[in-house]
Structure formats: C-alpha cells, structure tokens
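Me: I've got a structure open and would like to learn how to read its side-chain features. Could you walk me through them?

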Amino acid sequence: MEQFVNPIKKRNQAEYNLMTEEQKQLIDGYENLAKEYKYIIPIKRCRKPELSEGVIFAICLPSHRYVYGKILAKTENLPMIDNNNYIVMITNVVSDNLEEVSFELSEANIIAGPWIVTDALWKNGKFTTVGRRPISDSEKLLDVGFYRIEYIPDGGTLKESGYLVDLHGNRVEQEPVYIHSCGYITIDGIEQNLYKNRVLGKI
C-alpha cells in the first residue's frame, strides 16, 4: 500500500529544499526573532468592515512596507468551516506607502493562499481595505482548493489521512495549483508565511 503523504508538508519541504543555506538559516531562526521583525503592524481598525468578493486589502509588514491581497470568494460548503467567511490570496504587489491599488490575481503575482479568514482581521486592523475590483472570469478559473486532514484508526493508533476539495467544497482527485489546509489560518501562520516570502525575495 502506498504511504500517505500530506500534500501541504510535501510542498513545504520541496520549497525548503530549494532554498540557499542562508535562507534556510533565516527560516529556521524565525522563532528566535524579536517581535519587531515578524509582527504585522495594524493599520486601521474597522468595527463593521464591508467585505465581499473583489475587496483588495493591505497588510503592513514589520519593515513598514505594504503588501496587498484580495478576497477571491466567500466560504461555502467547506468541511468544518462556517459559510460567509473569506478566502483570500496574497500577492507580490508591494508599496512603500499605503495606496489604493487595483489588480487581477494571476500566476504572475500570487505568492500565498488560499487562506481562510474571518472579518476579525479587518476589525483589529491587520487587514485594511484599500479598494475593490470585481472578480474576473480568469480569476474564477484559478485552480484553488484545500486539503482537509483526517485521522483514521490504524492498529490502536491514529494515522493521518485526508482529502482534497475545490473552492466550493467539492471533493477532487487532482491536487490544485493553489492549495492550503482547510482551516482558519492563524495570525502567526500569516506572519510566518510573509516572513518566508520576504526571505525568498518575493516581497
């Protein structure tokens, strides 16, 4: 029987293997960094954010530069995820000052995601809306999905299993181009991913 491989871990390991030794050292030392080198800086808190597909938002990096993302869709029918939360993609669009940017998600600019998030990130100022651009036909065709982890009994222990779903919660056999664990991403997960992309020179 073929040994099960977690596709997220497999991708992360493949990416790590391609890093230079200097990059690996920087990634491995993340936990020891002072907070001013890894914490997102809140921009503007919003008590009642008006969110929908196509919203473009900014994140202020520890370097005080801004990176931008976009809401690709609302969550629907994803396993163990409430409907009407948000699926976001992060891009390599950056600026030195907060700007009203507009862009279409594509292979050329996506660096992270899909992340499942709630409006709490806008309420606490970690994400700040800077504009809206309707989701285009090409964005709707992006191959985006999630991996849902499950554990099954195996000789008195639990063994990891799992399955893939598309943007709408339908099970799929082929691994999506853009994939993430089917669960709400934590703020630490966001900060660590953005740090990695800074180390890799993507933002």
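Me: Ground rules before we start?

Reply: It's a predicted model, so to speak: local features need pLDDT of at least 70, side-chain atom pairs count only at pLDDT 80 or more, and totals for chains, interfaces and linings use all residues. Residues are numbered from 1 along each chain as its sequence is written, and side-chain values use heavy atoms, with hydrogens and water left out.

Me: Cores, then. Which residues touch the most other members of the largest nonpolar core?

Reply: A nonpolar core is a set of buried Ala, Val, Leu, Ile, Met, Phe, Trp, Tyr and Cys residues joined through side-chain atoms within 4.5 Å. Buried means under 20% relative accessible area, exposed over 50%, and partly exposed in between (1.4 Å probe, protein chains only). Here the largest core has 26 residues, and Leu78 and Phe146 are the ones touching the most other members. Two or more residues come from each of β1 (55-60), β2 (66-74), β3 (86-95), β4 (110-117), β6 (144-154) and β7 (157-166). The top contributor is β2, with four residues. Apart from that core there's another, of 22 residues, including Ile40, Trp115, Phe127 and Ile185.

Me: And how do you get those element labels?

Reply: They're DSSP runs numbered from the N terminus: helices are H or I with at least four residues, strands are E with at least two.

Me: Next, rings. How many aromatic pairs are there?

Reply: Rings of Phe, Tyr and Trp (its six-membered ring) pair if their centres lie within 6.5 Å; planes under 30 degrees apart count as stacked, over 60 as edge-to-face and the rest as tilted. By that rule you get five aromatic pairs. Take Phe57 and Trp122: the ring centres are 5.4 Å apart and the planes sit at 75°, so this pair is edge-to-face.

Me: What's the geometry of Phe57 with Phe127?

Reply: Their centres are 4.4 Å apart with planes at 15°, so that pair is stacked. Phe127 lies in the loop between α3 and β5 (128-132) and Phe57 in strand β1, so the pair ties together parts 70 residues apart in sequence. Phe127 is buried as well, with a relative accessible area of 0%. Phe57, Tyr86, Trp122 and Phe127 make up one aromatic cluster.

Me: Which charged ends sit over rings?

Reply: The test is NZ of Lys or CZ of Arg within 6 Å of the ring centre and within 35 degrees of the ring normal. Lys38 has its charged end over the ring of Tyr30, 4.8 Å from the centre. Arg171 does this over Tyr163, at 3.6 Å from the ring centre.

Me: Where should I look along the backbone?

Reply: Start with the peptide bond from Gly113 to Pro114, which is cis, with omega near 10°; Pro114 lies in strand β4. Then His64, not a glycine, has a positive phi of about 70°. His64 sits in the loop between β1 and β2 and is exposed, at 51% relative accessible area. Met80, also not a glycine, has a positive phi of about 65°. Met80 is in the loop between β2 and β3, and at 67% relative accessibility Met80 counts as exposed.
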